[in-house]
Amino acid sequence: MSANRASSRLQALINHIQCSYSAPTNPNILDKPVVLRKIAAVLICVFEGGDGSLRVILTKRSSSLSTHSGEVALPGGKREEGDADDVQTALREAKEEIGLDPSLVSVITPLQPFHTTYGVTIVPVLGVLTNKDAFSPILNSAEVEEIFDVPLEIFLKNDNRRAEEREWMKEKYLSHYFDYEVGNKKYVIWAITASILIWTATLLLQRFPDFLEQRPAIWGGMTEGDKIILQNISKSK
């Protein structure tokens, strides 16, 4: 696929999402039995691979971190006092963690917030890396051990996926695990990161997963914009 065609496809994607998706107006409000103390944002940075498929950038957290060490994550972190909004938080954290220059990212929109059981609201910020060749990763070794990318489509397929039934506040839900291997490296994408990417893939690829997601209610309900997107997908089938 030529560079011009790739650029046009990505621009068409940006235009489609911006026209059809309504960002949450107040992502900090949660009517759940958990007191939220912290706000964080993560960057869902997608780009077009050489085969024309959409791919997303992920990291493996440093094994020396006190929480979630060695786990796969999206670039991001806690909101700081100087951050104007969730978009700035996500872009700042991506620059600090992996050296991603914010000027290389075309931000599309913040997505619905996800609320963890340990008192943090995570706002995913969707963006497109329009020139992958211009990005030369510089990892902050204190936070990130590795950076890699995966096809977004894997989060809609049953291939290399397993799920465990869990329960929280008497509610049963499924925790999904996606296995991904590149070279001699093996990664597992799971829990709330997997759920964020399942929804992102549904939104961008305009189709439902091949499996039942059954996320816990606390992780987040759908916005009105989400409902419209899902209705449009259903009508197109």
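**View 1. Arg 161 over the ring of Phe 211.** In this predicted model, Arg 161 puts its charged end over the Phe 211 ring, 4.2 Å from the ring centre. Phe 211 also belongs to a cluster, linked through ring pairs with Phe 155 and Phe 178.

**View 2. Lys 132 on the face of Phe 47.** Here's another charge over a ring: Lys 132 lies 5.2 Å from the centre of the Phe 47 ring, over its face.

**View 3. Phe 148 and Tyr 187, a stacked pair.** A search of the whole structure turns up 5 aromatic pairs. In this one the ring centres of Phe 148 and Tyr 187 are 3.7 Å apart and the planes are at 10°, so the rings count as stacked. Phe 148 belongs to strand β8 (residues 144–151) and Tyr 187 to β11, so the pair ties together parts 39 residues apart in sequence. Both Phe 148 and Tyr 187 are buried.

**View 4. Tyr 177 facing Trp 190.** Strands β10 (residues 171–182) and β11 run antiparallel, joined by 6 bridges; Tyr 177 stands opposite Trp 190 in β11. Tyr 177 is buried at 8% relative accessible area, while Trp 190 is partly exposed at 25%.

Methods: Residues numbered from 1 in each chain as written. Predicted model: local features only at pLDDT ≥ 70, side-chain atom pairs only at ≥ 80, totals over all residues. Heavy atoms only, no water. Pairing = 2+ DSSP bridges. Helix = DSSP H or I, 4+ residues; strand = E, 2+ residues; numbered from the N terminus. Phe/Tyr/Trp six-rings, centres within 6.5 Å; stacked < 30°, edge-to-face > 60°. Buried < 20%, exposed > 50% of the residue type's maximum accessible area, 1.4 Å probe, protein only. Lys NZ or Arg CZ within 6 Å of the ring centre and 35° of its normal.
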